[in-house]
Amino acid sequence: MSQHTPALAIETAGLVKTFGETRAVDGVDLAVPAGTVYGVLGPNGAGKTTTVKMLATLLRPDGGEAHVFGHDVVREADEVRGRVSLTGQYASVDEDLTGTENLVLLGRLLGHSKQAARRRSEQLLEAFGLSEAAAKQVKHYSGGMRRRIDIAASILNTPDLLFLDEPTTGLDPRSRNQVWDIVRAVVAQGTTVLLTTQYLDEADQLASRIAVIDHGKVIAEGTKGELKASVGAGSVHLRLRDPGQRPDAERVLRATLDADVQLEPDPVALTARLSSATGDSAAEEASRALAELARTGITVDNFSLGQPSLDEVFLALTGHDTGQDSGQDLGRDSKDEVAA
Ligand SMILES: Nc1ncnc2c1ncn2[C@@H]1O[C@H](COP(=O)(O)OP(=O)(O)O)[C@@H](O)[C@H]1O
Ligand SMILES: [Mg+2]
């Protein structure tokens with residue numbers, strides 16, 4: 001890659017990393033525009049962390065090339081290290097120290113004066129809603145607080161590029177939202193963020209562009225809109241009062257939505273997969289369908305809108321599912337229950 005573009009924070013070509021027989025990263029091409037959040041979406045074992053580690057100079061690629069702000073991650077590793085910061089599945093924070101002690105210590109290690117380190121620590125703890133926990137040992141922090149102090153530690157010096165490796169995996173919805181707000185604030189200050197996630201809704205909330213990876217390969221890449229258009233807008237799930245009206249409801253839904261309608265085992269339930277080809281939002285499409293059902297005299301007891309899940313994205317893109325059990329469906333299929 002002799003012609004790398006400086007406006008790109010990250011540019012990779014044919015990046016490869018193998019562990020024995022496993023091609024963890026198998027020819028990845030990425031082009032991450034500076035100043036944005038770029039989402040790398042994929043299930044467990046897809047190669048997300050391995051990719052991040054190579055870009056952060058922690059692992060040496062076995063093939064291909066990667067440039068960070070125009071610097072080769074192997075030949076110019078020092079320049080790269082000077083501009084990036086990493087948080088996620090790595091502990092830089094000491095559990096036995098308090099929030100303040102951790103941030104001041106790391107600030108000192110980064111060369112700040114004692115006073116400057118204290119000031120920056122206070123500022124970050126405040127910004128991350130951790131002021132009250134400042135004097136508590138990190139081992140007593142909740143999962144969400146822990147994730148926030150990790151990110152705070154990684155932006156003591158505002159990096160040009162921040163790697164966030166699954167920053168919200170396992171967090172409750174409220175803590176996820178807090179982390180999302182932090183990510184937005186970090187980007188607003190000019191930092192480029194490479195975010196890895198298993199959650200489609202997280203990539204949707206934060207990222208401008210998304211690369212979907214599976215078995216070490218990029219299987220789809222584009223803006224959120226492009227990606228969503230390729231998998232549909234989601235689904236609407238209906239429960240009728242009268243099972244006898246289901247055939248009529250099915251017909252009306254097919255006609256109004258031009259959608260794939262599925263009859264559920266429950267005799268009053270049916271699900272329509274929304275196309276998004278109309279350009280309407282899922283909510284608009286669903287309202288149209290409900291109005292039409294009402295007009296036809298079909299009584300809907302209850303409906304919910306479901307966003308496409310990562311599983312559905314994978315199914316649409318690869319024809320197979322993620323191979324994960326969907327036990328932890330944290331936001332995967334965020335259904336807004338609405339009584340009709
Ligand atoms: N140090 C390692 N040694 C052997 N195999 C590894 C190592 N790190 C990752 N792998 C394997 O590489 C693949 C990709 O892993 P990883 O990059 O951690 O995926 P992700 O972060 O998307 O869950 C997996 O099959 C994983 O088991
Ligand atoms: Mg990982």
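Reply: What follows starts with the ligand and then turns to the helix and the loop residue.

This is a predicted model, in which local features need pLDDT of at least 70 and side-chain atom pairs count only at pLDDT 80 or more, while totals for chains, interfaces and linings use all residues. Residues are numbered from 1 along each chain as its sequence is written, chains are lettered from A and ligands numbered from 1 in the order in which they are written, and side-chain values use heavy atoms, with hydrogens and water left out.

Ligand 1 is surrounded by Phe 19, Thr 22, Ala 24, Pro 43, Asn 44, Gly 45, Ala 46, Gly 47, Lys 48, Thr 49 and Thr 50, where a residue counts if one of its heavy atoms lies within 4 Å of the ligand. This shell divides into 4 nonpolar, 6 polar and 1 charged residues; in this scheme Ala, Val, Leu, Ile, Met, Phe, Trp, Tyr, Cys and Pro are nonpolar, Asp, Glu, Lys and Arg are charged, and the others, Gly among them, are polar. Strand S2 (22-33) and helix H1 (48-55) each supply at least two residues of the shell, and H1 gives the most, with 3 residues. Helices (H or I, at least four residues) and strands (E, at least two) are DSSP runs, numbered from the N terminus.

An oxygen atom of ligand 1 is 3.1 Å from a polar backbone atom of Ala 46, and an oxygen atom of the ligand is 3.0 Å from a polar backbone atom of Gly 47. At Thr 50, an N or O atom in the side chain is 2.5 Å from an oxygen atom of ligand 1. Taken alone, ligand 1 exposes 560 Å², of which the protein buries 59%, the areas coming from the Shrake-Rupley method with a 1.4 Å probe.

Helix H5 (residues 143-154) is mostly covered, as 11 of its 12 residues are buried, that is, under 20% relative accessible area, with exposed over 50% and partly exposed in between (1.4 Å probe, protein chains only). Its buried residues, including Met 145 and Ile 149, pack against strands S6 (84-87) and S7 (161-165) and helices H3 (99-109), H4 (114-127) and H6 (173-188).

Asp 96 is found in the loop between S6 and H3, and is partly exposed, with a relative accessible area of 45%. Leaving aside neighbours within four places in sequence, Asp 96 is in contact (heavy atoms within 4.5 Å) with Gln 137 and Lys 139.

Note on methods. A polar contact is a pair of N or O atoms within 3.5 Å; within protein, one must be able to donate a hydrogen and the other to accept it, and residues adjacent in sequence count only if both atoms are side-chain atoms.
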